[in-house]
Amino acid sequence: MGAQEHCDVLVIGSGAGGLATAITARKHGLSVIVIEKEPVFGGTTAFSGGVLWIPGNRHGRALNPDDTRAAARAYLRAETGNFHQPEAVEAFLEAGPKMLDWFEAETEVKFIPTLYPDYHPTVPGGVDVGRSVLAAPYDSSALGENLRRLRPPLATITFMGMMFNSSNADIRHFFNATRSPTSFAYVAKRLAAHAAEVARHGRGVQVTSGNALAARLAKTCFDLGIPILTETPALHLLKQGGRVTGAQVGGAQPRSIMAARGVVLACGGYAQDLARRAGIYAHLKAGGAHHSPVPPGNTGDGIRLGEAVGGAFDAEYPQPAAWMPVSLVPGKGVFPHLLDRYKPGMIAVRSDGRRFVNESDSYHDVGAAMAAGEGAAWLICDHRAIRKYGLGHAKPAPMPLWLWTRSGYLKRGRTLAGLARACGIDPAGLQATVAAYNRGAREGRDEQFRRGETSFNRYLADPEHKPNPCVAPVERGPFYAVRLQMGDLGTFDGLRTTVEGAVLDRQGAAIAGLYAVGNDRASIMGGNYPGAGITLGPAMTFGWITGRHLAGRAAAKEDAA
């Protein structure tokens, strides 16, 4: 078998679920090794918004003391429908707040409250605030020489490499920099500080969102003596006597790593497994396109490793991934449309020129509506809106628009008909749609989709725009459009597991010594997206549960000690 290395727990993958498992197991006395096939650690977490959906968390209770576990349970029951997993949901609701408190007390990981509503706050059990928390900003220079191995944030959603949280004051200052001396001074200070960081460290070190969470988790691993071995792919799992006992790994030093307690699959799901997703995503089977902004290394390795030793994987959810409308920025990559759709004066249409969705619904809901139709759309606005808010990767004033029109990313027309011809949209259909939309929009109403009538619709809109922060007419030419295509933030289908994370075979029996967390494990959300952070919240909660289980701790109902 060649050279061997030994530990209690081997974690394959370095996102939030895997690192949460590793830290928990190490804190309970086990030796742990984390391996990562890419040259950087952090997984999809480092690209993400860094939000965790944890009903009943202490930060949220301060904002919404009337929220109850019964309400969260009812909400998840309604959201998951036929795919409701009552035992796993109950474990998540019980353990989630304890996990959060434990990490804040025992590790470098810290959180701050957000005002995010649930994505469907009018569904029974939904709330307007209190269930989502955000990783606190972090000075990632604390990683020392390991800073170079922290996955950088997604380039298309930074400004000159600088990060800011979409839900805090930063972005409002950037939108108002040309209209407010206070905002201008704030932005100038941020840019100067960022330039100094790049000069000293080669990158910005004041990180936010998922990059902050990945950095905090990694710093805790290093402080605990947990190695994160990058450029170390798992080639196959090792078994002895029906038990998974370790993995054969490649890289600069191919060897076997033996794990006495268990191997944990945490490879981030199959969002970049082109063959698997081609057989699962309906819009791809229909001949459409798909462009995922998640890391290129999320090629389904954990699922394949699990299947190779008998693990059961089923593509059973009607929506197999967390959909995200994206656009392709020439020379830069994939841009996820996280903010612009909520702003007043933006509408989305198909090639017939007709609207098809409430543009201010969640990215997953808008993506599902896209997938149910042509699998693509156009996001359209007028000159006033694009100069105030930007459109996709095209930035607001004072950035010049020719940077994006010249590349073809941004389409422009002096009239709606001219814009339609530039985009291949039916001109008559677009003109009729905009005329009908504008009749209500001039009074702040969306007569077709009731946009702006929920707290979530309004959350990322423009609170200064009255009477409806999501709705304004599209009427002042020239007009602009960006092509929306299907993308995702990660997959929902995964390996079948027990609540504790043990991978199950086709007969429903646990495979001894093998566990799965994060997107390698089937989501408890049933292919739906109930709120901000429904990937990272369960990933860290079940990682905590799995780590405690590996250490021989009782169920999560114990007090976290």
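**Close-up views of a predicted model**

**View 1. The hairpin of S9 and S10.** In the hairpin formed by S9 and S10, two residues lie between the strands, and Gly241 takes a positive phi near 60°. The structure shown here, as in every view below, is a predicted model. Strand S9 covers residues 234-240 and strand S10 covers residues 243-249; the two run antiparallel and are joined by six bridges.

**View 2. The open sheet of S3, S5 and S4.** Three strands make up this open sheet, in the order S3-S5-S4, with antiparallel pairing. Strand S3 (51-53) and strand S4 (111-113) are the edge strands, each pairing on one side only. From one strand to the next, the twist averages 35°. S3 and strand S5 (residues 132-135) run antiparallel and are joined by three bridges. Within this part of the sheet, Leu52 stands opposite Val133 in S5. In a regular strand, side chains alternate between the two faces of the sheet.

**View 3. The surroundings of Asp301.** Asp301 belongs to helix H10, which spans residues 301-308. The relative accessible area of Asp301 is 18%, and the residue therefore counts as buried, the cut-off being under 20%. Two side-chain polar contacts of Asp301 are shown. The side chains of Asp301 and Lys37 are joined by a polar contact of 2.8 Å. The other polar contact, at 2.5 Å, links the side chain of Asp301 with the side chain of Arg304. When residues up to four places away in sequence are not counted, Asp301 touches Lys37 and Cys267.

**View 4. Cys423 and its closest cysteine sulfur.** Is Cys423 buried or exposed? Cys423 is buried, because its relative accessible area is 11%. The closest cysteine sulfur to that of Cys423 is in Cys381, at 11 Å, which is too far for a bond. A disulfide would need the two sulfur atoms to be within 2.5 Å.

View 5. Cys470 has 0% relative accessibility and so counts as buried. Searching the whole structure finds zero disulfides.

Methods
Residues numbered from 1 in each chain as written. Predicted model: local features only at pLDDT ≥ 70, side-chain atom pairs only at ≥ 80, totals over all residues. Heavy atoms only, no water. Helix = DSSP H or I, 4+ residues; strand = E, 2+ residues; numbered from the N terminus. Buried < 20%, exposed > 50% of the residue type's maximum accessible area, 1.4 Å probe, protein only. Polar contact = N/O pair within 3.5 Å; in protein donor to acceptor, adjacent residues only side chain to side chain. Contact = heavy atoms within 4.5 Å. Pairing = 2+ DSSP bridges. Axes fitted to C-alpha atoms, helices over the stretch in contact; angles between N-to-C directions.
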